[in-house]
Amino acid sequence: MNWLEAMMLGIIQGLTEFLPVSSTGHLYLGRHLFGLDSAGLFLDTMLHLGTLAAVITVYGDELAAICRNPLGKTGRLLIVGTIPAVVVGITWEDTLEAISQTGVTIGWEFLITGAVLYWAGRIKAGGHKGINDLTYTDALWIGLAQSAAILPAVSRSGMTIAAALWRNVETSAAASYSFLLSIPAIGGGVLLQGAKLLDVRAEHISLSSLLIGTAMAGICGYAAVRWMVRILSRGSLKGFAWYVWGLGVLILLMQWSGLF
């Protein structure tokens, strides 16, 4: 992988991580387009590190408050919301990595994401709960939705925001909780893959290319999270539903015809 390909994958990761269209699914498509199918979960994780830096930058004040009182209400809600993804990730790590490499179900996963987004778009804006009003049951339901997004083309942000809206969380709080919940999810993934940092060449990518891709993911991720917050405050998720539906159908047709 050269630096330009790494930069393009970083842009894809950054722009799609916080939009409800599945960054992992788009990274798989990007790798396939560039003929980089051997680049797998480790590369994805390092690009996620860039978007982790982005969301930490955007929500720095909230994170500082949580760090001052990690067992306060918000901290406990994030712990409860993280548990389902941890259990699923540890239990199915090898299977999920194999699915991520093959992409055999990716078209169907985009269709599922679209269905969830369309349903969420039909929920009337009128939720009344802020983050501090969430119950542990709310956090658990949102966490369960996040665990489903461990599949490559199921959107993490789409699933968690939809689950929050279903639990009567108002839109800005749904976005904030979803993005805060991404921090332990992404950070945990980076830690689990940390041992592979000692062998960057295992996935045919130089350290310089890896750093370029990670930096681009961070820059584009910062812009995307700001944009997504504005979208939720003003519009609907239905437009994203039509996009991932179209993408899913296209992938299935290409798989059926042997072109993908």
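**View 1. Helix 8 and the nonpolar patch.** Helix 8 (residues 136-148) supplies three residues, the largest share of a nonpolar patch; helices here are DSSP runs of H or I with at least four residues, and strands are runs of E with at least two, numbered from the N terminus. The patch lies on the surface and is formed by Trp-119, Leu-140, Trp-141, Leu-144 and Trp-166, which together have about 500 Å² of accessible area. That area comes from the Shrake-Rupley method with a 1.4 Å probe, and for residues only the protein chains shown count as cover. Patch residues have over 30% relative accessible area and no salt bridge; like charges are joined within 9 Å, and nonpolar side chains (Val, Leu, Ile, Met, Phe, Trp, Tyr) within 5 Å. A salt bridge is a side-chain nitrogen of Lys or Arg within 4 Å of a carboxyl oxygen of Asp or Glu.

Before you go on, note that this is a predicted model, in which local features need pLDDT of at least 70, side-chain atom pairs count only at pLDDT 80 or more, and totals for chains, interfaces and linings use all residues. Residues are numbered from 1 along each chain as its sequence is written, and side-chain values use heavy atoms, leaving out hydrogens and water.

**View 2. Ser-147, a buried residue of helix 8.** Ser-147 lies in helix 8. Its relative accessibility is 12%, so Ser-147 counts as buried (buried is under 20% relative accessible area, exposed over 50%, partly exposed in between, with a 1.4 Å probe and protein chains only). Leaving aside residues up to four places away in sequence, Ser-147 touches Pro-84, Ala-85 and Val-88; contact means heavy atoms within 4.5 Å.

**View 3. Tyr-118 meets Trp-245.** Six aromatic pairs are counted, where rings of Phe, Tyr and Trp (its six-membered ring) pair if their centres lie within 6.5 Å, and planes under 30 degrees apart count as stacked, over 60 as edge-to-face and the rest as tilted. The ring centres of Tyr-118 and Trp-245 are 5.5 Å apart with planes at 35°, so this pair is tilted. The pair joins distant parts of the chain, 127 residues apart: Tyr-118 sits in helix 7 (residues 106-122) and Trp-245 in helix 12 (residues 238-257). Tyr-118 is partly exposed at 26% relative accessible area, and Trp-245 is partly exposed at 21%.

**View 4. Trp-141 and Trp-166, edge-to-face.** These two rings, Trp-141 and Trp-166, have centres 5.3 Å apart and 85° between their planes, an edge-to-face pair. Trp-141 belongs to helix 8 and Trp-166 to helix 9 (residues 156-166), 25 residues apart.
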